[in-house]
Amino acid sequence: MDLEQAQRLSEILIGLAVLFQSIELLRIAPSVGNYGVWRWETLREEYSFLGPLRIGLDFLLGYPNVVYLFLSRAILGLLLTLFSHWIILALLLFCTILIALRWRGTFNGGSDYMSIIVLAALLIASASSENSAFRYGCILYIGLQTTSSYFVSGFVKLRKQNWRAGLALPAFLRSSIYQASPWVDNCARNRAMMLISSWGIILFELLFPLALVSPQLCLGFLALAVLFHFANFYIFGLNRFLFAWAAAYPAVYFCSLVLSG
Amino acid sequence: MLYYRSVEPEGEWKEAWQKPKRSWKTLFVNPEVNYLFACQSLLNQVENDVNELGEAEHTEFARSVSYRLLQNLVLYQMRMQREGSFKRYQFKLMAANQGVEQLDDVLISPVYEVDGPKEDS
């Protein structure tokens, strides 16, 4: 895989991630309407510091224009899977940031941050296509940022006694957004399984930087990562994380090729 | 957890939403659950804000954006769950003590009038 292939594959995957995210937002559009939860008339107070510039946000983020924003983002995501151009990436990043403002920072936390990081880096890479050093740097940044996200997450868990003792995971399982499920409850009650699973997660995340040592090891870690995010989707409903992180995996693999020589 | 009840006519406390069932079909698009995550983030924000307030600031909090979003959420969920008969309502936010079944009251609202069913076109 060369630089151009890694960049293009990441673009396709983030385009898909953004498309799915935007379809979700369109499906819950009434909740941002004038009688919804996140009414613009309520939220706009938080932007009073902008003064007269707030008129711009009133136009872009008021209802129903915000729905057109969701729709535009879906179309741009689809376009990105078909064509590579810095203008598509720039507009996507702009829409994504506006939508983040509409939800007081993020709609879904980590997956929104990851989407913005990948989009921003790909935008710079695409806009500086004549400068291979910049492109290189951007793809390496995505790969290293993703690797560090797993490592930091593992390190934070390692420092917490309830994770080391296998007590945090059952608490998370019981607090799932989903209805109680017999097999999940049984797993949560199995102390040995919870202890092994907790340490499995901690070690997977802590050791993720080893993925950069060789391309073969990288593919193994990426396969584990997909399984990890898939499990998080099924147990906790975190589908967005799978696609947002997967968009960075071509860059992680490219990093392993570069660093292993 | 967020609860609401009708004050006129007098009613029991109800959960603001029901937990959905797991489904493989929601892998690509999962609007219901992601909406609930956003609602839960709002509840967490309100709980943090309340815990940081001193006693004197609680009445001021009712004018904050977070509180008003919470009130919007209650009204929206009441409409979603077809609570058309409510004339006056009240809501409360409860927090679970880690590892303990019992929930503590974080916030109990005053009684409000319901404006009537509304929808965007």
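I started with the handedness of a helix pair: α1(A) passes α4(A) in a left-handed crossing. That word means the near helix is turned anticlockwise from the far one by less than a right angle, clockwise being right-handed. Helices here are DSSP runs of H or I with at least four residues, strands are runs of E with at least two, and both are numbered from the N terminus.

Before going on, I noted that this is a predicted model, where local features need pLDDT of at least 70, side-chain atom pairs count only at pLDDT 80 or more, and totals for chains, interfaces and linings use all residues. Residues are numbered from 1 along each chain as its sequence is written, while chains are lettered from A and ligands numbered from 1 in the order in which they are written.

Back to the pair. I looked up the geometry of α1 (residues 3-27) and α4 (residues 65-82) of chain A: their axes come within 7 Å and cross at roughly 155°. Axes are lines fitted to C-alpha atoms, for helices over the stretch in contact, with angles from 0 to 180 degrees between N-to-C directions. α1(A) and α4(A) are therefore roughly antiparallel; the label needs an angle over 145 degrees, with under 35 roughly parallel, 65 to 115 roughly perpendicular and the rest oblique.

Who touches whom? On α1(A) I found, among them, I12(A), L16(A), L19(A) and I23(A), and on α4(A) F70(A), L71(A), A74(A) and L78(A) are included. Contact means that C-beta atoms, placed from the backbone, lie within 7 Å. By class, the contact of α1(A) with α4(A) has 13 nonpolar, four polar and two charged residues. Nonpolar covers Ala, Val, Leu, Ile, Met, Phe, Trp, Tyr, Cys and Pro, charged covers Asp, Glu, Lys and Arg, and the others, Gly among them, are polar.

Next pair: α6 (110-127) and α7 (residues 132-158) of chain A pack at about 165°, axes 8 Å apart. α6(A) and α7(A) are therefore roughly antiparallel, and their crossing is left-handed. I saw V118(A), L122(A), F134(A) and I142(A) among the residues in this contact.

The peptide bond from Y63(A) to P64(A) is cis, with omega near 5°, and P64(A) sits in the loop between α3 (54-61) and α4. R104(A), in the loop between α5 (86-102) and α6, has a positive phi near 60° without being a glycine.

Over to chain B. I get three helices and five strands, in the order β-β-α-α-α-β-β-β from the N terminus. Of its 121 residues, 21% count as buried. In α1(B), the buried residues include F37(B), L42(B) and V46(B).

Last, the interface: 27 residues of chain B are in contact with 32 residues of chain A. On the chain B side, α1 and α3 (65-80) are the elements that give two or more residues, and α1(B) gives the most, with seven. I noted 14 nonpolar, six polar and seven charged residues on that side.

Key:
Contact = placed C-beta atoms within 7 Å. Buried ≥ 20, exposed ≤ 12 C-beta atoms within 10 Å, placed from the backbone.
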